[in-house]
Protein chains: 2
Amino acid sequence: MTKAPTVYDVAERAGVSIATVSRVLRTPDAVRPATRDRVLDAVTDLGYVPSGSARGLAERRTGVLGLYFPGFDAVEGIPPLDVLADGQAGPYTVVREDGPRDDGRASMLFQDEVLRGAELEAWRRGFVLMVGVGRGDPATATVRDMAGRVDGLVVLAGSVADPMLERLAERVPVVVLAGPRHGDRHDHVTVSNTEGMAALTRHVLARTGGRAPVYLAGPDDSPDGAQRWEGFCAALADAGCPLDDVVVRHGDFTRSSGRRVGERLIAEGLPAALMSSNDQMALGVLDALHAAGVDVPGDLVVTGFDGIDAGALSTPSLTTVRQPMRELGRAAIQVLARRLDAPGAAPMSVRLPVEVVLRGSA
Amino acid sequence: MTKAPTVYDVAERAGVSIATVSRVLRTPDAVRPATRDRVLDAVTDLGYVPSGSARGLAERRTGVLGLYFPGFDAVEGIPPLDVLADGQAGPYTVVREDGPRDDGRASMLFQDEVLRGAELEAWRRGFVLMVGVGRGDPATATVRDMAGRVDGLVVLAGSVADPMLERLAERVPVVVLAGPRHGDRHDHVTVSNTEGMAALTRHVLARTGGRAPVYLAGPDDSPDGAQRWEGFCAALADAGCPLDDVVVRHGDFTRSSGRRVGERLIAEGLPAALMSSNDQMALGVLDALHAAGVDVPGDLVVTGFDGIDAGALSTPSLTTVRQPMRELGRAAIQVLARRLDAPGAAPMSVRLPVEVVLRGSA
DNA sequence: GTGAAAGCGCTAACAC
DNA sequence: GTGTTAGCGCTTTCAC
């Protein structure tokens, strides 16, 4: 750690040239066994670890793939923490907790799972993963930085503005993940949001005798949300159910926003069905309904979208559409790897199938 | 992407030397505004992004920090997936789901949260994060690789064998995360496992009139598990409760293993309390108890450890000890950053406080 | 099978 | 303020 040994150190110790050291590490068979062993011993003795930077420079590839997420935490909202400064706090505190807290994590679960899948697939191909999160405006700085350090980049839809995306794509292969395809210039991976929501809507309409559900939408800028809304509309149209009859409520994908909508539902009279554009909000609706003693699915049916674990544990359990999150991450890396192998190939768009999960709430 | 522009290209286009280009990027104030603008324009026009490898080599620092986890997925258990090959699957399928499935994710949540915290703190300090996962034996290859690419490494306890840890530490600063401290050669960050479990045990003993709980242990090689067991024993000793009276059951940290233990509990007669070394298993116990109509906490009290969200949603909600997972990740990076600033400082060990969360189950 | 030498793209003295 | 130049640690022809 004082000063890391280099090929030169290893070469000297083994009594060979640096070229031979390099060969031993990269093409062991091209070196006579005796020589090879001497070099390997020197490597071990010195604790030699090749410099990724030097390798990357010489090889013109880094062996690193990047994954870039939209910010999940506002820059202003970062709680202070300084483990070096304080430290005199006791080893534990005791708190009493009653109701379930709003679970801020669930929204991150999608990203976590994608990350898992991406890491797995990157590893299988001999790459390591670099992860970045877009925060505020210098966000662009982070992703540009990453572009300079990786062989390819997976970018979640909505994390990078279009012009920047083009710039990045000029530097390294880029795969856009989730949302609808945006032009045909980039590789793209997504799930069947539209078809999944349409199928779910058909199921709900069948249950409610075709009466129009209330739709609980998410933030306007959610690409996936838009696709789900599309699927909902399409199924309605197919069933001959006029879109005008549909009441649309808006939330921000959090459980508490769903809770508020649920309370309003109760106040204004229950519809036959409430279809939420994500699970979190649906769970919030269920919370409010449960508190008011409403019978789900007896009085109305409720559905979500995503397939988070909490939906399987709620009462009643939540009917939803499950997206293959981990597979999404894996697929993105697979597509990226293909692009690396075949730079000239036409950009592709892959759509992964979803699962309509019928449970208690509908 | 055909061939990325370099400083030379930028310099030529702006009519300056490469040194000036470098200056504009690193110390803009050291360059006359007119020159600076010309360079910046050239950068924009060309879509120039500096090579991380070249920078890293010249600067002798990469600006990357590494985070290395123990494997969460067995190499054999990786489901096949090839999005490039198949593709003719329908856009969705419909499934019916009744009971809650075993939630394999919960065990990863800890890692996910640590990762979140680490990424956040790395970003705040101008670093980007590289993540790796130990799998099988060439695992060592991954982490060595990482060591060659980063300025510092956070390694989860149990992910790297001791000798390899020493080698890594020779190359880059290393912070060990979780578990008990292992010698005093490395920086170390953990939570108050022992004290937390001791406090919880005292609470349980108070409720049960000092009758010995059944202890549900995890895998033997879990460093955190060992600390929790220690805390349990300490509290028992303090209370004058003989350890011989304690029945110990073993699980593997999964919900289903907890369920099995719960069933056995019912078959063999209920104790006054069941204390599990993690939440997942405690939830499994609750599942079994619930299915058998046992009243918790009336007939016996149950506790967990970790503070996962599912514990707040179970019936009854789970009394547990919450570890500050995200803060752990942040703390690890903070300690790593300190080490980078002060290479000579004595290795430190930071212990984060935990929260004893009293809920319905005890 | 092995060595000498020319880069890879950048930073940082050091001159001017 | 700006240009020249010498590395940073590795891979990879090209000779031998």
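Colleague: Which helix of chain A gives the largest share of the side that touches chain B?

Modeller: Helix α5 of chain A, residues 106-124, with 11 residues. Helices (H or I, at least four residues) and strands (E, at least two) are DSSP runs, numbered from the N terminus.

Colleague: And by class, what does the side of chain A that touches chain B have?

Modeller: There are 52 nonpolar, 15 polar and 30 charged residues on that side. Ala, Val, Leu, Ile, Met, Phe, Trp, Tyr, Cys and Pro count as nonpolar, Asp, Glu, Lys and Arg as charged, and the others, Gly among them, as polar.

Colleague: Before I go on, what are the ground rules?

Modeller: This is a predicted model, where local features need pLDDT of at least 70 and side-chain atom pairs count only at pLDDT 80 or more, while totals for chains, interfaces and linings use all residues. Residues are numbered from 1 along each chain as its sequence is written, chains are lettered from A and ligands numbered from 1 in the order in which they are written, and side-chain values use heavy atoms, with hydrogens and water left out.

Colleague: Fine. What area is buried between chain A and chain B?

Modeller: About 8800 Å², with carbon and sulfur atoms giving 56% of it. Buried area is the accessible area (1.4 Å probe) that two parts lose on being put together, summed over both. The contact (heavy atoms within 4.5 Å) takes 97 residues from chain A and 97 residues from chain B.

Colleague: How many salt bridges cross the interface of chain A and chain B?

Modeller: Eight, by the rule of a side-chain nitrogen of Lys or Arg within 4 Å of a carboxyl oxygen of Asp or Glu. One of them pairs A:Arg116 with B:Asp112, their closest N and O atoms being 3.1 Å apart. Over all chains, the structure holds 42 salt bridges.

Colleague: What does A:Glu268 form a salt bridge with?

Modeller: With A:Arg249, at 3.0 Å between the closest N and O atoms. A:Glu268 lies in helix α10 (residues 255-268) of chain A and A:Arg249 in strand β8 (residues 248-250) of chain A, so the pair ties together parts that are 19 residues apart in sequence.

Colleague: New topic, sheets. What order do the strands have in the sheet that holds β8 of chain A?

Modeller: β8-β7-β9-β10, an open sheet of four strands in chain A with parallel pairing. Two strands pair if DSSP finds at least two bridges between them. β8 and β10 of chain A stand at the edges, each with a single partner strand, so one side of each has no neighbour in the sheet.

Colleague: Which helices lie across those strands?

Modeller: α8(A) lies across β7, β9 and β10 of chain A, at about 170° to β9(A). α10(A) lies across β7, β8 and β9 of chain A, at about 140° to β8(A). Axes are lines fitted to C-alpha atoms, for helices over the stretch in contact, and angles run from 0 to 180 degrees between N-to-C directions.

Colleague: Which strand of chain B is joined to β13 of chain A?

Modeller: Strand β2 (residues 92-96) of chain B runs parallel to strand β13 (residues 354-358) of chain A, with five bridges between them. A:Val356 has B:Val94 as its bridge partner in β2(B). The open sheet there has three strands, in the order β11(A)-β13(A)-β2(B), and its pairing is mixed.

Colleague: Last one. Where is the cis peptide bond in chain A?

Modeller: From A:Thr315 to A:Pro316, with omega near -10°. A:Pro316 sits in the loop between α12 (310-313) and β11 of chain A. In chain B, a cis peptide bond joins B:Thr315 and B:Pro316, with omega about -10°.
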